[in-house]
Amino acid sequence: MKNKLEKIVKRIEKRIENIEERLNRLENTKQKWIRIGQLEWVKDCSKKEMTWKEAKRWCKKQRGRLPTRLELLDLYDNHFKECEKLITDSSFYTFWSVTEYSAANAWSVTLNYGSTGTNAKTGTSQVCCVR
């Protein structure tokens, strides 16, 4: 009887450890995001440039997605002060959007000017993810 109880206690302790690990991961994920307008934006926008496909993968790893072109423009137009917090360490301000222009091109937005244009998906731009 004692051995059976010890096994049950060990299983319960292991489950508690797993739950605590999940909670820690969730808390760490929350610390990476900041609410701006209706969306949460990753606090640490990519400092390096990457292709559109790489950008989509990077956002997925951050548990987010690439913003649409309109979401990036809204960030610039209506939340510029908060926008500056996301790009202060950046020397290059053109960010990918998920919005496709064609099979080979996607829209990007330059957040320090609010301009928008298309880039080849095989070219590189910076990334800021949303959720």
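**Terms and their grounds**

Mentor: This is a predicted model. Within helix α3, the residues E71, L72, L73 and L75 are buried.

Trainee: What covers the buried residues of α3?

Mentor: The cover includes helix α4 as well as the strands β1 (33–36), β2 (39–42), β3 (94–100) and β4 (105–110).

Trainee: Why are α3 and α4 called roughly perpendicular to each other?

Mentor: The axes of α3 (residues 69–78) and α4 (residues 80–87) cross at roughly 115° and come within 6 Å. Angles of 65 to 115 degrees count as roughly perpendicular, and the two helices are therefore described in that way.

Trainee: Which residues make that contact?

Mentor: Helix α3 contributes L75, Y76 and N78, while α4 contributes F80, C83 and L86. By class, the residues of this contact are 5 nonpolar and 1 polar, with no charged residue.

Trainee: Turning to T94, how do you know that T94 is buried?

Mentor: T94, which lies in strand β3, has a relative accessible area of 12%. Buried means under 20%, so T94 is classed as buried.

Trainee: What makes the pairing of the side chains of T94 and T110 a polar contact?

Mentor: The two side chains approach to 2.9 Å, and the cut-off for a pair of N or O atoms is within 3.5 Å. The pair is accordingly listed as a polar contact.

Trainee: Leaving aside neighbours within four places in sequence, which residues are in contact with T94?

Mentor: They are S108, V109, T110, N119, S125 and Q126.

Conventions. Residues numbered from 1 in each chain as written. Predicted model: local features only at pLDDT ≥ 70, side-chain atom pairs only at ≥ 80, totals over all residues. Heavy atoms only, no water. Axes fitted to C-alpha atoms, helices over the stretch in contact; angles between N-to-C directions. Helix = DSSP H or I, 4+ residues; strand = E, 2+ residues; numbered from the N terminus. Parallel < 35°, antiparallel > 145°, perpendicular 65-115°, else oblique. Contact = heavy atoms within 4.5 Å. Nonpolar A, V, L, I, M, F, W, Y, C, P; charged D, E, K, R; others polar. Buried < 20%, exposed > 50% of the residue type's maximum accessible area, 1.4 Å probe, protein only. Polar contact = N/O pair within 3.5 Å; in protein donor to acceptor, adjacent residues only side chain to side chain.
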